[in-house]
Amino acid sequence: MLGASYAAVPLYRLYCQTTGLGGSAVAGHKSDQVENMVPVKDRIIKVTFNADVHASLQWNFRPQQTEIYVVPGETALAFYKAKNPTDKPIIGISTYNIVPFEAGQYFNKIQCFCFEEQRLNPQEEVDMPVFFYIDPEFAEDPRMVNVDLITLSYTFFEAKEGHKLPVPGYN
């Protein structure tokens, strides 16, 4: 079962990043899009942060802030903290989702630690940044008119060192 959940990570990544469905943020945006965005100042959105760890991973993992307020079209930076309290190195890999799921197509991460192996040495503690923005088109979508709260949730799983799974479409 653990192997199946680990194998699901690259498939989940491929599906969600290409479609923006399943509460996943959209990847593949261009940097010039960020530079030319116009903030929607009259639309304030509260973003809350959640952190979970699979039972097989002996890490402490938490968001460093519980919430921030953003407007569509402006970038934001949040941090998570992870610690390996054991006496051996452990590698973790994370997945994420966005709630409400329909808002996932507008949630764009510029930089994050998801879907990449993170090795923490014994007793090591690290800060993990998430740099993101909510697409200004969020404010024009009638399905988002009553959405003023978005939750970004990460779950870390233990990965096996040197075990690489192929991801279709990625080198």
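**Figure 1. Tyr96 and Tyr154, two buried residues of the predicted model.** In this predicted model, Tyr96 and Tyr154 are both buried. Their rings form a tilted aromatic pair, with 5.9 Å from centre to centre and 50 degrees between the planes. Tyr96 belongs to strand β5 (residues 90-99) and Tyr154 to strand β9 (residues 149-159), so the pair ties together parts that are 58 residues apart in sequence. Tyr96 also has a charged group over its ring: the charged end of Lys109 sits 2.9 Å from the ring centre.

Figure 2. Tyr106 lies in the loop between β5 and β6, and Phe138 in the loop between β8 and β9. The pair thus links distant parts of the chain, 32 residues apart. Tyr106 is buried, as is Phe138.

**Figure 3. The aromatic cluster that includes Tyr96 and Tyr154.** The structure holds 13 aromatic pairs. One aromatic cluster is formed by Phe49, Trp59, Phe61, Tyr80, Tyr96, Phe113, Phe115, Tyr154 and Phe156. Tyr96 and Tyr154, the tilted pair of the opening view, are thus both members of this cluster.

**Figure 4. The open sheet of four strands.** The strands follow the order β2-β4-β8-β6 and their pairing is antiparallel. At the edges stand β2 (60-63) and β6 (107-111); each has a single partner strand, so one side of each is left without a neighbour in the sheet. From one strand to the next, the twist averages 30 degrees.

**Figure 5. The pairing of β4 with β8.** Strand β4 covers residues 75-83 and strand β8 covers residues 125-134. These two strands run antiparallel and are joined over nine bridges.

Figure 6. Over residues 1-23, pLDDT stays under 50. The model has 46 contacts beyond four places in sequence for this stretch. Where pLDDT is low, the predicted coordinates should not be read in detail. For the protein as a whole, the mean pLDDT is 82, and 75% of the residues reach 70 or more.

Methods: Residues numbered from 1 in each chain as written. Predicted model: local features only at pLDDT ≥ 70, side-chain atom pairs only at ≥ 80, totals over all residues. Heavy atoms only, no water. Pairing = 2+ DSSP bridges. Axes fitted to C-alpha atoms, helices over the stretch in contact; angles between N-to-C directions. pLDDT = per-residue confidence, 0-100. Contact = heavy atoms within 4.5 Å. Phe/Tyr/Trp six-rings, centres within 6.5 Å; stacked < 30°, edge-to-face > 60°. Buried < 20%, exposed > 50% of the residue type's maximum accessible area, 1.4 Å probe, protein only. Lys NZ or Arg CZ within 6 Å of the ring centre and 35° of its normal.
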